[in-house]
Amino acid sequence: MSLRTDQSLIAEWVKPGSRVLDLGCGDGTLMAHLQEQQEVKGYGLEIDEENIVQCIHKGVDVIQTDLDKGLSEFKKDTFDYVIMTQTLQAIRYPDKLLKEMTRVGREAIVTFPNMGHWKNRIQLALAGHMPKSKTLPYEWYNTPNIHLCTLTDFENLCGANNIEILDRATVDHEHQSSLGMKLFPNLLGEIAIYRFRQND
Amino acid sequence: MQEGTRPVDNVGLVEPKTAHFSESLALASGSELHGFDIVYETYGELNKERSNAILICHALSGDHHVAGYHTPQDKKPGWWDNAIGPNKAIDTNRFFVVSPNNIGGCSGSTGPLTKNPETNKPYGPDFPLVTVEDWVKTQAMLADQLGIDVWAVIIGGSLGGMQCLEWSIAYPDRLKHTFVIAAAPKLSTQNIAFNEVARQAIRSDQNFNEGHYYETDDKPELGLMLARMLGHITYLSDDALDEKFGRELRDGKLKFGYDAEFQIESYLRHQGRSFVGRFDANSYLLLTKVLDYFDPASDAGGSLAKAMAPATAEFLVISFSSDWRFSPERSQEIVSALLDADKSVSYIEIQSKQGHDSFLMPIPRYHQVLSTALDRIAEGLGIS
């Protein structure tokens, strides 16, 4: 069970012993890692049945949930962290869900594919078609990614909602980081990772 | 079942056992039962550590005969044979499965059919009304007698799921895991309304005689049949009925009369009639009351989360998409309360067509969930 680099970064950010809610937890790899290595407690939320079975197999508590219906099950500040990896772009109302994440968790962490990556920009600008890549392998008509954004877009949304960004990192599709990405994240980062919280 | 054709994953021939309890049982109603019997079956072997026991709690019309056959001539195995047996989802090679018949029923445990020692006649309508709390208490007494301090898992569907909830509240230290399937934290108003129609069907049968019908040949069969027909409709989904029968006619054309014309009519009548042969009306009345009364939140100021506070078991809650008797929303109420109470819980809604009865069906995803969870539990217990 190995973690992707974005998941490893998240694992570094999450303090041991904390309470975590993982939205769209997939097969439970990250939660299982956090439980076993960092004594984290919490739940995964997932919609896909096969993934749910995998979570049960790993001993991750998982609740079948349609994230588009919000997190009304949970009270304010129930968790130390609400995490969502590679799912934000497939959510119907990402702005509402971000607010829900910062309500339910004292802090939130998201990762998403950066539409502002230079390869995406070139595909649209020069080739004239919707970008496709290892991170975004779908055609425009069958993609689940209905709300793609760039780092700038995301930060603007946070600003408009009084969400304070606490940490930012970017990696490529092999989940590696580089100096270039640190200097020009919105151009060179393929996957963005943010830690943030709601300011009153 | 024909000899020689028994499937290899079946527990085979089984014999019910009887546990006798001579002590008085104080019931939730304030009544007392002076001694009682519980009929039960077991499958598999209890291990040396006594750590691999699974309790199966049955639903309204279920009983202790969950898996295998009583005689080689039996046409049908126990009611959950598709899930319990060697290498099945609930694997009797690894687990010791115990399935009691609850008191108040009519399959051998003490109930309305039992002779009242004070009158030497069957209790009939004088059998005291019992509750899920009473049942769980008697199941705990059975566990004592079997030498099982802690259940590895308690599993129950429908009314059985309610017993799982009660176990986790009343005896938190005596179970490690529980699978709450197609259940609800209490009956809805509509559920109670259905039960009331069923009861009135029985009680208004001219043979009912206020429950004193054992002495005569005429039993309230029509009433019990109607009650079962009504119940049966609520256990199936609209789609399942439509798919199975549609508007199909028995004789291909309308006859402009009140005999069974549509296939669904004759099916329901058949279901009702065969139920009458195996069930007692006084028991049925009592069991519907057990369902109506269950409401653990009522003792905790209406908060199910507070009611669940003592629980330490790990919960697996399973619902079925087409179940409208105990819909997925009812299971989600349980899940919400468990999340609120900060309990270990997983939840899945299985896609199914068969309505409430889905919990008895061998739906691949459903059985995969059961076996995956039990694999994990077996691993934790060090059972290969």
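This is a predicted model: local features need pLDDT of at least 70, side-chain atom pairs count only at pLDDT 80 or more; totals for chains, interfaces and linings use all residues.
Visitor: Which way do β4(A) and β5(A) run, parallel or antiparallel?
Guide: They run parallel, and six bridges join β4(A), residues 79-85, to β5(A). As an example to find on screen, A:T85 has A:T111 in β5(A) as its bridge partner.

Visitor: And how does the chain cross from β4(A) to β5(A)?
Guide: The chain passes through helix α4(A), residues 94-104, and this β-α-β crossover is right-handed.

Visitor: What about β5(A) and β7(A), parallel or antiparallel?
Guide: Antiparallel this time: six bridges join β5(A) to β7(A), residues 191-198. There, A:F112 stands opposite A:A192 of β7(A).

Visitor: I've clicked on A:L166. Where is its place?
Guide: A:L166 belongs to strand β6 of chain A, which covers residues 163-171.

Visitor: Which residues is A:L166 in contact with, leaving aside neighbours within four places in sequence?
Guide: Those are A:E107, A:R195, A:F196 and A:R197.

Visitor: Changing topic: how many residues of chain B are in contact with chain A?
Guide: 15 residues of chain B are in contact with 12 residues of chain A. On the chain B side, the elements giving two or more residues are α9 (328-340), β12 (345-350) and α10 (364-381).

Visitor: Which of them gives the most?
Guide: That would be α10(B), with six residues. By class, this side of chain B has seven nonpolar, five polar and three charged residues.

Visitor: Last one, on chain B: which way do β1(B) and β2(B) pair?
Guide: β1(B), residues 17-26, and β2(B), residues 32-43, pair in the antiparallel sense over eight bridges. One bridge to look for links B:A19 with B:I38 in β2(B). Their hairpin has five residues between the strands, and B:G30 takes a positive phi near 100 degrees there.

Visitor: How many bridges are there between β2(B) and β6(B)?
Guide: Four, in the antiparallel sense, with β6(B) covering residues 96-100. The bridge partner of B:Y43 in β6(B) is B:V97.

Terms used: Residues are numbered from 1 along each chain as its sequence is written. Chains are lettered from A and ligands numbered from 1 in the order in which they are written. Two residues are in contact if their C-beta atoms, placed from the backbone, lie within 7 Å. Two strands pair if DSSP finds at least two bridges between them. Ala, Val, Leu, Ile, Met, Phe, Trp, Tyr, Cys and Pro count as nonpolar, Asp, Glu, Lys and Arg as charged, and the others, Gly among them, as polar. A crossover is right-handed if, with the strands pointing away from the viewer, the path from the first strand over the helix to the second runs clockwise.
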